[in-house]
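Please keep the sequence and the model in view while reading.

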Amino acid sequence: MSVMNVRRLIPTTAVAGAVTLGLVTLTACGGTSDAADKGSAGKLDVVASFYPMQYLAEQIGGGHVAVTTLTKPGVEPHDLELKPKQIGELGEADVLLYLKGIQPAVDEAIAQAGVKTTVDASTLTTLEAHGTGAGEGHDHAHEGEEHAEEESHEGHDHGSEAGADPHVWLDPVKYAEVAKGVGAAFEKADPDHAADYKANTAALVKKLGDLNTAFETGLKDTTTRTFITTHSAFGYLAERYHLDQEGISGVDPESEPSPARIKELQDIAKADKVTTVFFETLASDRTAKTLAQDTGLKTDVLDPLEGITDGSRGDDYIEVMQANLAALKTALGAK
Ligand SMILES: [Zn+2]
């Protein structure tokens, strides 16, 4: 098995070993790796931590960048473990683009990589604390389903302790702020193509502005402002459009919601005329379906966009966000 948990390795000399191994492998393979190919093509090598960062890099970088994404489609970002080859490629990158606080393994590996241009998206906008709606703190209800037997769960309730919710990309306004910061970083890292990065950033910011307008108008007048979701990822989105997110699970992702929380959600559903319980494509939908059944509600998908797969309702960030808007309009009874 070549998969290593970076968390366990960082304090030891094994990381240095892994990096060396990665570099040796690149050389030995005669440049067959992605990193080597892209390097020789004279492009700016950007390593993005997960999909929302990849999308920014591709949109802003256009033809001048070669983007590698650490989190493959369908992998929950926080469950990510890095292979030695990936750790090696971190050191080779021209730009590392990540969002601190969502992937502990990536945070630590990037801190060790020593790359000149490291862009932490969490510093490019303002992070806030968000609860599930019942003061239980932010968390991922879907986590740990398949990996319950593993030990590497330290990072799972990201945001709940420190209070900072990392899901900024689900608010188009905050995502646009991050885009501007990434654009500026690309201009600095690759001044020869600064004009293109500036133009691409402006085009992306415009698209995000249009998306924001679509959400604002689409959700202006609705029967209810409350939505129930397994994954409390939509705190920024809820705040932006004056909605009320009610998360099903509490802080511990492996625990079932308490009977008290279920009762509370049933009461909220009734009082607030909730029609739909949302889950996400990649996550376990068992709790959501049980709750929906018990309360006579429908279920639907609200996608936190932590990755794009064949199951996603769209091919990129904008399309999936438009699908999210359509699902919210139906669930909330938009007029
Ligand atoms: Zn999340």
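## Basis of the report

The structure is a predicted model.

## The packing of α4 and α8

Helix α4 spans residues 51-61, and helix α8 spans residues 194-218. Their axes lie 7 Å apart and form an angle of about 125°.

On the α4 side, the contact involves Tyr-55, Leu-56, Gln-59, Ile-60 and Gly-61. These residues meet Tyr-197, Asn-200, Thr-201, Leu-204 and Lys-207 of α8.

## Leu-56 in helix α4

Leu-56 belongs to helix α4. Its relative accessibility is 0%, so Leu-56 counts as buried, the cut-off being under 20%.

Leaving aside residues up to four places away in sequence, Leu-56 touches Gly-61, Leu-97, Tyr-175, Val-178, Ala-179, Val-182 and Leu-204. Leu-204 stands 148 residues from Leu-56 along the chain, yet the C-alpha atoms of this pair are separated by 8.4 Å.

## Arg-261 in helix α10

Arg-261 is located in helix α10, which covers residues 259-271. Because its relative accessibility is 2%, Arg-261 counts as buried.

The side chain of Arg-261 has two partners to note here. It reaches the backbone oxygen of Gly-247 at 2.6 Å, and it makes a polar contact with the side chain of Glu-264 at 3.1 Å.

Technical notes: Residues numbered from 1 in each chain as written. Predicted model: local features only at pLDDT ≥ 70, side-chain atom pairs only at ≥ 80, totals over all residues. Heavy atoms only, no water. Axes fitted to C-alpha atoms, helices over the stretch in contact; angles between N-to-C directions. Helix = DSSP H or I, 4+ residues; strand = E, 2+ residues; numbered from the N terminus. Contact = heavy atoms within 4.5 Å. Buried < 20%, exposed > 50% of the residue type's maximum accessible area, 1.4 Å probe, protein only. Polar contact = N/O pair within 3.5 Å; in protein donor to acceptor, adjacent residues only side chain to side chain.
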